[in-house]
Amino acid sequence: MTDALRTPLTEPVFMTVNDARLIADPSGVAYWPDESVLLVSDLHFEKGSAYAARGQLLPPYDTRATLKRLGAAMALYQPRSVVALGDSFHDLGADGRMAPDDAETLSALVATVEDWLWIEGNHDPKPPARFGGRAGFELTLGPLHLRHEPQPGERPGEVAGHLHPCAKISGQGRRVRRRCFATDGQRLILPAFGAYTGGLNVCDIAYAPLFRRRPHAYMLGRERVYAVNGAKLLGD
């Protein structure tokens, strides 16, 4: 990261969401120590192969790179449970395009935890069964309500994905744009985790129905997360 960002907070970086304390990890996962639950959103497995089928060629290694990062995060936190907050697979044909080695890696990751929940997303309303885990539309867990697409209005404890939040700041003549966690302390939007996923600036009007004022951003660096007040964020 650059000096345009604030001095990094001492690791681990915690976010409080409706009284639940979650660790914001630089990889883009959130970890809830009290419940030993790891939250991840928008993996978008096989997005690269979907684009290739339409003639837009990208290196076909996005699924492998995403799995490697996810495996590293799971090895670090050793969660009992994983909740994937939707759009884990880029489309309904992703299963058939996935390389056998990658499919084996994914199945092995799912098997390492006591419970793996695939929240249904708009890209993958019914995740493939062969990788294990269970599927559901949403889940209430203590003070948190986990779903894929955030709902408008006040929703204390809502944790969602879908919007692929990112944040932009300026300082010392430079501008920095990074994926981020977006939160006002009541709800949380997770960054997209997939290797080929883009980002929607938290200053975009799409966030207006969710937050009364611009949310704070926990911006992802290579090794650290940087907390930035919403008032300091810039639009695109």
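The structure is a predicted model, in which local features require pLDDT of at least 70 and side-chain atom pairs count only at pLDDT 80 or more, whereas totals for chains, interfaces and linings use all residues. Residues are numbered from 1 along each chain as its sequence is written, and side-chain values use heavy atoms, with hydrogens and water left out.

**The nonpolar cores**

Select Leu38, Val40, Leu70, Leu106, Trp116 and Trp118, which touch the most other members of the largest nonpolar core, a set of 26 residues. Such a core consists of buried Ala, Val, Leu, Ile, Met, Phe, Trp, Tyr and Cys residues joined through side-chain atoms within 4.5 Å; buried denotes under 20% relative accessible area with a 1.4 Å probe, protein chains only. Two or more residues each come from strand 4 (37-40), helix 2 (62-77), strand 5 (81-84), helix 4 (100-111) and strand 6 (115-119). Helix 2 supplies the largest share, 5 residues. Helices (H or I, at least four residues) and strands (E, at least two) are DSSP runs numbered from the N terminus.

Next, centre the view on leucine 106. Leaving aside residues up to four places away in sequence, Leu106 touches Phe45, Leu67, Phe89, Met98, Trp118 and Phe131. Another core, of 24 residues, lies apart from the largest one and includes Ala20, Val37, Leu39 and Leu220.

**Helix 2 against helix 4**

Display the two helices together. The axes of helix 2 and helix 4, which are lines fitted to C-alpha atoms over the stretch in contact, come within 10 Å and cross at roughly 20 degrees. Helix 2 is therefore roughly parallel to helix 4, a term for angles under 35 degrees. In the contact (heavy atoms within 4.5 Å), helix 2 contributes Thr63, Arg64, Leu67, Leu70, Gly71 and Met74, and helix 4 contributes Asp101, Asp102, Thr105, Leu106 and Leu109.

**Strand 12 and its partners**

Now select strand 12 (residues 174-183), which runs antiparallel to strand 11 (residues 165-171) and is joined to strand 11 by 6 bridges. Strands pair if DSSP finds at least two bridges between them. Lysine 168 has arginine 177 of strand 12 as its bridge partner. The hairpin of strands 11 and 12 has 2 residues between the strands, and glutamine 172 in the turn has a positive phi of about 55 degrees.

Finally, move to threonine 183. Its bridge partners are histidine 216 in strand 15 and leucine 188 in strand 13. Strand 15 (residues 216-220) is antiparallel to strand 12, with 4 bridges; strand 13 (residues 188-189) pairs with strand 12 in the antiparallel sense over 2 bridges.

Key
Buried means under 20% relative accessible area, exposed over 50%, partly exposed in between (1.4 Å probe, protein chains only). Axes are lines fitted to C-alpha atoms, for helices over the stretch in contact, and angles run from 0 to 180 degrees between N-to-C directions. Angles under 35 degrees count as roughly parallel, over 145 as roughly antiparallel, 65 to 115 as roughly perpendicular and the rest as oblique.
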